[in-house]
Amino acid sequence: MRKFSFAALLMAIVAVFASSCSPKQGVTQDINKGAVKGNWVLTDIKYEGIPDNAKVTVFDEANAKCFIGSQWILPDNYAMGSYTLTSTENGCSAVTQKIAWSLTKSGGVSMFGFKKLYSGDKAKNVTEGYRMEITGAGSVMTWRANVTFEDKSAAIIYTLQRK
């Protein structure tokens, strides 16, 4: 009887493991750290549910359009990356901001997150940050940030090109 119970238990474990590794329909592709790490240029920002001429401040930093052309450095170790805004057109200010970045899963969706780090900050002590769905990563990475604009659901779509 023990051999049968052990064999049944082993088969159940194998079945659970195999089903957890098989691809599921309707679930977005897993995006791993290797697909995200590196140097990026933010090449485009589009709005869904927001007028194109709206002045939208993102990341508590600047108008979204100021981020076009920004450089994002996302090192392998999830720590001490940065973004740099270089545009000085249309009221934009040049700035470099240190960040700690991460990848997480939320409801089967890959999420890119980052926290701003200021002088003396340790990432583990910073409790606020930004999180966006990654809808693609490779030579081009796309982030989707769901936001509220004028009391309605909207989204900001960021497109980044690998350098």
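**Entry 1: ground rules and overall layout**

For my notes, a strand is a DSSP run of E at least two residues long, a helix is a run of H or I of at least four, and both are numbered from the N terminus. I am working on a predicted model. I counted up the secondary structure and got two helices and ten strands. Reading along the sequence, I wrote the pattern down as α-α-β-β-β-β-β-β-β-β-β-β. The chain has 163 residues, and 34% of them count as buried. I also checked how far apart in sequence the contacts reach: among those between residues at least 6 apart, 47% join residues at least 24 apart.

**Entry 2: Val126**

I went to Val126 and found it in the loop between β7 (109–117) and β8. Is Val126 buried or exposed? It counts as buried, because its relative accessibility is 17% and the cut-off for buried is under 20%. Setting aside residues up to four places away in sequence, I see Val126 touching Lys115, Lys116, Leu117 and Asp121. I also looked at Ala100, which is 26 residues from Val126 along the chain; their C-alpha atoms are separated by 9.6 Å.

Next I looked at the largest nonpolar core, which has 36 residues. Which of its members touch the most others? I noted Phe67, Trp72, Phe112 and Tyr158. I followed up Phe67 and, leaving out residues up to four places away, listed its contacts as Leu42, Ile45, Val58, Phe59, Glu61, Ala62, Trp72, Tyr83 and Leu85.

Ser70 is in the loop between β3 (62–63) and β4 (71–74). At 1% relative accessibility, I have Ser70 down as buried. Beyond its neighbours within four places in sequence, Ser70 is in contact with Trp40, Val41, Leu42, Thr84 and Leu85.

**Entry 3: two positive phi angles**

I checked the loop between β2 and β3, where Phe59 sits and where I also find Asp60. Phe59 is not a glycine, yet its phi is positive at about 55 degrees. Asp60 is not a glycine either, and its phi is positive at about 50 degrees. What about accessibility? Phe59 is buried, with a relative accessible area of 6%, whereas Asp60 counts as exposed at 65%.

**Entry 4: the largest pocket**

I then went looking for open space. Rolling a probe the size of a water molecule over the atoms shows where empty space is left. The largest pocket came out with a volume of about 210 Å³. Its lining has 15 residues, and nearest its centre I noted Thr57, Val58, Phe59, Tyr130 and Val147. Two or more lining residues each come from β2 (57–58), β8 (130–136), β9 (140–149) and β10 (152–162). Which element gives the largest share? That is β9, with four residues.

**Entry 5: Asn146 on β9**

While on strand β9 I stopped at Asn146. What puts it in the exposed class? Its relative accessible area is 56%, and exposed means over 50%. The side chains of Asn146 and Arg144 are joined by a polar contact of 3.2 Å. Leaving aside neighbours within four places, I have Asn146 in contact with Ala154 and Ala155. I also looked up Glu133, 13 residues away from Asn146 along the chain, and the two C-alpha atoms are separated by 8.4 Å.

**Entry 6: Ser82 and Thr88**

Last, I took two residues around β5. Ser82 is in strand β5 itself (residues 81–85), and Thr88 is in the loop between β5 and β6 (95–106). Ser82 counts as buried at 13% relative accessibility, while Thr88 at 59% counts as exposed. Not counting residues up to four places away, Ser82 touches Gln71, Trp72, Ile73, Thr96, Gln97, Lys98 and Ile99. Trp72 was already in my notes as one of the core members touching the most others. For Thr88 I looked up Cys66, which is 22 residues apart from it in sequence and 7.9 Å apart in space, C-alpha to C-alpha.

Note on methods
Residues numbered from 1 in each chain as written. Predicted model: local features only at pLDDT ≥ 70, side-chain atom pairs only at ≥ 80, totals over all residues. Heavy atoms only, no water. Buried < 20%, exposed > 50% of the residue type's maximum accessible area, 1.4 Å probe, protein only. Contact = heavy atoms within 4.5 Å. Core = buried A, V, L, I, M, F, W, Y, C linked by side-chain atoms within 4.5 Å. 1 Å grid on protein atoms, 1.4 Å probe; cavity = no way out; pocket = protein on both sides within 12 Å on 5 of 7 lines; lining within 4 Å. Points joined across faces, edges and corners; volume = space filled by probe spheres on them. Polar contact = N/O pair within 3.5 Å; in protein donor to acceptor, adjacent residues only side chain to side chain.
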